Amino acid sequence: EEGIKDNLADLAKVTCADRALVLEYSNGTSNLVGVPFLYATATAEVVTPGTELVSTQYQRIPLNLFSGFVYRIEREGFIFISDLESIKCTHPILYKMLKENKVKEIAFSAIQWEDEVVGIAVVSSVGENRLWTKYLENELHKFANKISVLFAFEKQEYGNDKKWFKWIHNR
């Protein structure tokens, strides 16, 4: 987790974010026909002084509440919202959640391992700072790639496997 937080701190600094966090996907219990529910949980977060932590609120968030928006992140890989009001009508639950946490600008990037999306990297501004948009998409993608490797390394799924080194080399 420390490696992830160190990388989050670097990401927040380079993007001028007040908050940076990682949402990891997990499966929950199944519905009556056996379809599993997908959740997201904030597993790491860094904030600037004076910015409130939200990771305790972002636990086991049912992704079906935001399915259209999450699908868009997974399909496009990156979304930047410069004006929160722009999602008020199209994504009211997400809007309310972000507004309660004083978000002014926010960017999302899919975290992928091989062909699977395993989470979402998020940076946001809540104070006077504005996200530095010039390299925002590139920096979020670089971070998401690093984090996916750290996830696999922490879970010791690949270790010294040649497949892991091949994946690193191709990134």
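Contact here means heavy atoms within 4.5 Å. In this predicted model, Tyr58 touches Leu21, Leu23, Ala40, Thr41, Ala42, Met97, Leu98 and Asn101, with residues up to four places away in sequence left out of the list. Tyr58 also belongs to the largest nonpolar core, where Leu23, Tyr58, Phe69, Leu98 and Phe108 touch the most other members. This core has 29 residues. Two or more residues come from each of β1 (19-30), β2 (36-47), α2 (67-76), β4 (78-81), α3 (92-100), β5 (105-113) and β6 (116-125). The helix α3 gives the most, with 4 residues.

The chain as a whole has 5 helices and 6 strands. In sequence order these follow the pattern α-β-β-β-α-β-α-β-β-α-α. The chain has 171 residues, of which 44% count as buried. Among contacts with a separation of 6 or more, 58% are between residues 24 or more positions apart.

The helix α2 was examined next. Phe69, Val70 and Ile73 are buried in this helix. These residues lie on the same side of α2, because they cover an arc of only 100° around the axis. An α-helix has 3.6 residues a turn, so residues three or four places apart point the same way. After α2 comes Gly77, which has a positive phi, near 85°. Arg72, Arg75 and Glu76 are linked in a network of salt bridges.

A pair of aromatic rings is described by the distance of the centres and the angle of the planes. The count of such pairs comes to 2 in this structure. In one of them, Phe69 and Phe108 are arranged edge-to-face, at 5.1 Å centre to centre and with 80° between the planes. This pair links distant parts of the chain, since Phe69 lies in helix α2 and Phe108 in strand β5, 39 residues apart. Phe69 counts as buried because its relative accessibility is 2%, and buried means under 20%. Phe108 is likewise buried, at 6% relative accessibility. Trp132 and Tyr135 form an aromatic pair that is also edge-to-face, with 5.2 Å centre to centre and 65° between the planes. Trp132 is partly exposed, at 41% relative accessibility, and Tyr135 is partly exposed at 39%. Elsewhere, an arginine is placed against an aromatic ring: Arg60 lies over the face of Tyr39, at 4.0 Å from the ring centre.

Side chains of opposite charge can pair when their charged atoms come close. The structure holds 7 salt bridges. One of these joins Glu45 and Arg19, whose closest N and O atoms are 3.4 Å apart.

Another salt bridge is formed by Lys99 and Glu85, with 3.2 Å between the closest N and O atoms. Lys99 is in helix α3 and Glu85 is in the loop between β4 and α3, so that distant parts of the chain, 14 residues apart, are linked. Lys99 is partly exposed, having a relative accessible area of 43%. Glu85 counts as partly exposed as well, at 36% relative accessibility.

A further salt bridge lies within one helix. The side chains of Glu139 and Lys142 meet at 3.3 Å, N to O. Both residues belong to helix α4 (residues 136-154) and are 3 residues apart, about one turn of the helix. Glu139 counts as buried, because its 17% relative accessibility is under 20%. Lys142, in contrast, is partly exposed, with a relative accessible area of 41%.

Technical notes
Residues are numbered from 1 along each chain as its sequence is written. This is a predicted model: local features need pLDDT of at least 70, side-chain atom pairs count only at pLDDT 80 or more; totals for chains, interfaces and linings use all residues. Side-chain values use heavy atoms; hydrogens and water are left out. A nonpolar core is a set of buried Ala, Val, Leu, Ile, Met, Phe, Trp, Tyr and Cys residues joined through side-chain atoms within 4.5 Å. Buried means under 20% relative accessible area, exposed over 50%, partly exposed in between (1.4 Å probe, protein chains only). A salt bridge is a side-chain nitrogen of Lys or Arg within 4 Å of a carboxyl oxygen of Asp or Glu. Rings of Phe, Tyr and Trp (its six-membered ring) pair if their centres lie within 6.5 Å; planes under 30 degrees apart count as stacked, over 60 as edge-to-face and the rest as tilted. A charge sits over a ring if NZ of Lys or CZ of Arg is within 6 Å of the ring centre and within 35 degrees of the ring normal. The arc is that of the directions from the helix axis to the C-beta atoms.
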